[in-house]
Amino acid sequence: MTKQAGPRTGPGPARTRRRSRPLTRNRSPYPYWLYLPAGAVFLLIFLVPTGLAFYFSLTRWTLFDSTFVGLENFRDFLAEQNLRVGFQNTLVYAVLTSGLKVVLGLGLGVLLTGRLRLRGFLRAVVFFPVLVSTVAVGITFSALLRPDTGLVNRALAVVGISGPDWLGDATTALLSVGLVDVWAGVGLATVIYIAGILSIPQDYYQAVAVDGGTAWHRFRHVTLPLSWPATYSVIILSLIGGLRSFEFVWTMTRGGPGFSSDVIASIIYKQYQAGFFGLSTAGNVLLFLIVTALVLPLNHFLGRRQVT
Amino acid sequence: MRSLKRAGAEGVVLLLATVIFLVPFSFMVLTAVKDDVQSADLDFAWPTNWPIVQNLVEVIEARDYILLRAFVNSIILTVASVTLIVIAGAMAAFVLQRRPGRVGAVANFLVLTGLIVPPAVVPTIWLLQAIGLFKTLPGLVLVEVAFGLAYAMLLFRAFIAAIPRELDQAAMMDGCGGLSLFFRVIFPLLRPVTITVVLTSSVRVFNDFVNPLYFLPGDDNATVQVTLYNFQSQYSTQWNLLFMDIVLITIPPLLAFVFFNRKIVAGMTAGSIKG
């Protein structure tokens, strides 16, 4: 590189030295226009609507014309009881599902990297729900969770417990939907944990064995801290998914009974169906703000812990 | 003694996993092959009749073969979206990984945005309507591509980072420019991660319910998931047909799972951890 003097040595030698400045601009092997197809679609279908949402959320909107109403939509969202309940539910749902996915995913991950026979079979069984569509899972569980005839309550009746009307009772509806979400999504968390645990060098486990540590020591001082990157991925992924969740709520309860299991995403759809496009978009903006306000600091915080 | 305890624990775990994860699936299949009277019980009893073929024919013929049309729509949607996601995503991830700088920083930020930000639904409908693509299959393809790109780019970028730059330089010595360098040298090397992206994106798009519900309403171009959703209210008394439908539309992802199980899991985890 230093043999030739500076960039102004003529076109001949510079052709082989791609680092020289004036030439990289035109002839980089990594031209920026490779971004073009992805960038164009992303800009048009994602970024522009996201930007427009901020304006349209401030209007009363019929898709054909819009009247500016200021913050009225947001005020409606925060003032009306059946809209406000959506916030609370969204947060409860997201925290509940991602918490359970971390705990169960880690547990299953430890189990399925152990010396269990039938390990392959169990991995497949746990991962399979990830591949079934949410609508199919929703319909199946609405049948299984029926109050009198449902399989879950019949099983509970055998051991003498009379189960509640899981999806029809305002106190259990959201919880039940969340548990179905965990059932369907824990396979992905488990797979992430399996990969994380398998990438821990065996030396650490040997060191614990030399010190005469128990299985609990192995878990507490090696597996748990060293699978942190997996925990980080599972928390972020399932929190984002949980905050946006719509499909399970919609296929199992449609937000009911009443508004007791409505989440922000289902309210957005209901307002859209009812033709309140401005209000629906305001819901979208609020969801955007909530997701950003929760996920960005968490990402920062968890990412910092990962380094240390 | 310890091995006995171990075998006991294994048995318990196996039993629990089987009950929790397999019972719902066996329930789907069992209900799908019962007659309509028995299926209304929604229980776990063994079928007394086995009208499998009859249920199958009835589901397919329902509402003027809507399920077949939905399958065609879903397959077109999946193939088109995934092709675009793979090509556009890999190209962009290649530049993103190889060329840091201000543009790269912006692109990185946009990938993060695409992963986190929930899409603004009604403005997207408005925009699609403005360019004449609302309620059309190409419009939905663009939507699926826009929403799926960020994740694909994340996987591709992690994989490209492991391809040495010396290879690019060697290819350039041989006269490869940007496009031919990418398509003739880099893209073939991405095969393992491409398989992962193809499979995860196909399952996601094929199983997608929300986007078709918003962006492709109407019976003419329904996708399989929307059909299932509509059958739910229509077949409230014919559970056998509803569950036959569920079984039918679960077959494509199931096949993907059976054939590529190991590859999906390996590639996906590599990407998620490196993130």
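Colleague: Which residues have the most contacts inside the largest nonpolar core?
Modeller: Those are B:Ala92, B:Ala146, B:Leu149, B:Met153 and B:Phe156, in a core of 154 residues. Bear in mind that this is a predicted model.

Colleague: Take B:Ala146. What does it touch, leaving out residues up to four places away in sequence?
Modeller: B:Ala146 touches A:Val41, A:Phe42, A:Ile45 and A:Phe46.

Colleague: How many residues does each chain put into the contact?
Modeller: Chain A puts in 71 residues and chain B 68 residues. On the chain A side, several helices supply at least two residues each, among them H6 (119-127), H9 (173-198) and H15 (277-307). Helix H3 of chain A gives the most, with 13 residues.

Colleague: What is the split into nonpolar, polar and charged on that side of chain A?
Modeller: The side of chain A that touches chain B has 51 nonpolar residues, 16 polar and four charged.

Colleague: Now confidence. What are the overall scores?
Modeller: The model has an ipTM of 0.83 and a pTM of 0.84. Mean pLDDT is 82 for chain A, where 90% of residues reach 70 or more. Chain B averages 84, and 92% of its residues score at least 70.

Colleague: How should I read coordinates where pLDDT is low?
Modeller: Not in detail.

Colleague: Back to chain B. What span does its helix H3 have between the end C-alpha atoms?
Modeller: Helix H3 of chain B (residues 52-98) spans only 55 Å, whereas a straight helix of 47 residues would span 69 Å. H3 of chain B also bends by about 110 degrees at B:Arg63.

Colleague: What about chain A, how many helices and strands?
Modeller: Chain A has 15 helices and two strands. Of its 308 residues, 41% are buried. After H10 of chain A comes A:Gly212, with a positive phi near 75 degrees.

Colleague: Why does A:Arg254 count as partly exposed?
Modeller: Because A:Arg254 has 13 C-beta neighbours inside 10 Å, and a residue would need 20 or more to be buried, or 12 or fewer to be exposed.

Colleague: And what is the phi of B:Lys135?
Modeller: Near 65 degrees, positive in a residue other than glycine. B:Lys135 sits in the loop between helix H5 (121-130) and helix H6 (137-160) of chain B. With 16 other C-beta atoms within 10 Å, B:Lys135 is partly exposed.

Colleague: Last one. Where is B:Ala40?
Modeller: B:Ala40 is in the loop between helix H2 (36-39) and H3 of chain B. B:Ala40 and B:Trp239 are 199 residues apart in sequence, but 6.1 Å apart in space, C-alpha to C-alpha.

Note on methods. Residues numbered from 1 in each chain as written. Chains lettered and ligands numbered in written order. Predicted model: local features only at pLDDT ≥ 70, side-chain atom pairs only at ≥ 80, totals over all residues. Contact = placed C-beta atoms within 7 Å. Helix = DSSP H or I, 4+ residues; strand = E, 2+ residues; numbered from the N terminus. Nonpolar A, V, L, I, M, F, W, Y, C, P; charged D, E, K, R; others polar. Expected span 1.5 Å × (residues − 1). Bend = angle between axes of the 7 residues up to and from the residue. pLDDT = per-residue confidence, 0-100. Core = buried A, V, L, I, M, F, W, Y, C linked by C-beta atoms within 7 Å.
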